[in-house]
Amino acid sequence: MSEHASSVPHATDGGAHRAPDHRRDYFRIFWVLLVLTIVEVAVSYSKIDKRVMSAVMIALALSKASFVGLYFMHLKYEKRSLLWLAFLPLPLAGFYAVFLLLDAFSLLRGVPVPWVHP
Amino acid sequence: MSSRPEASYAPAPAPLTVPTFGQATTGKVGMWIFLVTDAMTFGGLLLAYGILRAGNKQWPAPTTVLGIPFTAIMTFVLIVSSLTMVLALDAAQHRNAKQAVRWLLATASGGIFFLCGQAYEYRHLIHEGFTLPSGNFPATFYVITSFHGGHVFTGVCYLLITAFGVSRGKHLENGANFVEITGLFWHFVDLIWILVFTLVYLIP
């Protein structure tokens, strides 16, 4: 199908994402997502340390989500400003989440955290 | 945009674009803004789940309660549906309406399969006594997964409406912008499930 890319009549919404090799990219990303999901499920049944396991799984999930956003949702081919629109709020939310979770650990499990138990 | 046709007889006027975001149409930028806000809603739910779980030493390991292999199959189906969605967009961009409709219907079928799987899972869990009011884990589990299920249902309706339009020769103009926006929503549903599957089902 990739050879048809040049036959697209007009592009008003980011012509770059109709690059000839997109179909190949789509299949490649599909296989990556599939393999990472299998790895994740396999890790969930392994006997490794829970903290390590959680960290590995979160890293795998974020990688998979990024692949979907960048390739299937075409952020990789959009102007950088659209990528910022999509991704900038997320680290801010993550920052907020980390502090709330630390507080939750501290208050509910009695783990001292400086700003909770000064 | 100076190149936008002014005459009313233009067959398919190009949609407005937002120069700040390159050639992205207003529809696409609008969808992205919606998705970011929707992501915040999911973020709030997942954060509440995380806080409740972090403060509870008695929280059961999800793998002992939830059926991981079954949910892994549902996850696989959603990933496949994301692939069929981009193939639908590819076909629509090449003005192959027949193929685009086929892929759109395949995508919607994936969503319907997922919803049936979720209904089966709920039925099984409720039968086992894992009901909404029986604790923080089931409460957060049902709220998060059913909120996501609502998105899948919306996505299926959106896909079917898009497929109907494409089958009538619509939505192929302007680089199949309409189909692409439909796809953005569907991929978002897949993206959120990737995170929910990990955080709610897999993390020990």
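Which loop of chain A holds A:His74? A:His74 sits in the loop between H2 and H3 of chain A. Helices (H or I, at least four residues) are DSSP runs, numbered from the N terminus. This is a predicted model, in which local features need pLDDT of at least 70, side-chain atom pairs count only at pLDDT 80 or more, and totals for chains, interfaces and linings use all residues. Residues are numbered from 1 along each chain as its sequence is written, while chains are lettered from A and ligands numbered from 1 in the order in which they are written.

**View 1**
A:His74 has a phi near 65°, a positive value in a residue other than glycine. A:His74 counts as buried because it has 24 C-beta neighbours inside 10 Å; the cut-off for buried is 20 or more other C-beta atoms within 10 Å, for exposed 12 or fewer, and partly exposed lies in between, with C-beta atoms placed from the backbone. B:Arg95 has a phi near 60°, also positive in a residue other than glycine. B:Arg95 is found in the loop between helix H3 (68–93) and helix H4 (97–127) of chain B. With 16 other C-beta atoms within 10 Å, B:Arg95 is partly exposed.

**View 1**
Contact requires C-beta atoms, placed from the backbone, within 7 Å.

**View 2. The side of chain A that touches chain B.**
Chain A brings 49 residues to the contact and chain B brings 47 residues. On the chain A side, H2(A) gives the most, with 11 residues.

**View 3. The largest nonpolar core.**
A nonpolar core is a set of buried Ala, Val, Leu, Ile, Met, Phe, Trp, Tyr and Cys residues joined through C-beta atoms within 7 Å. The largest one has 69 residues, and B:Val179 is among the members that touch the most others. H6(B) gives the most to this core, with 19 residues. Leaving aside neighbours within four places in sequence, the contacts of B:Val179 include B:Ala88, B:Thr162 and B:His171.

Technical notes: Contact = placed C-beta atoms within 7 Å. Helix = DSSP H or I, 4+ residues; strand = E, 2+ residues; numbered from the N terminus.
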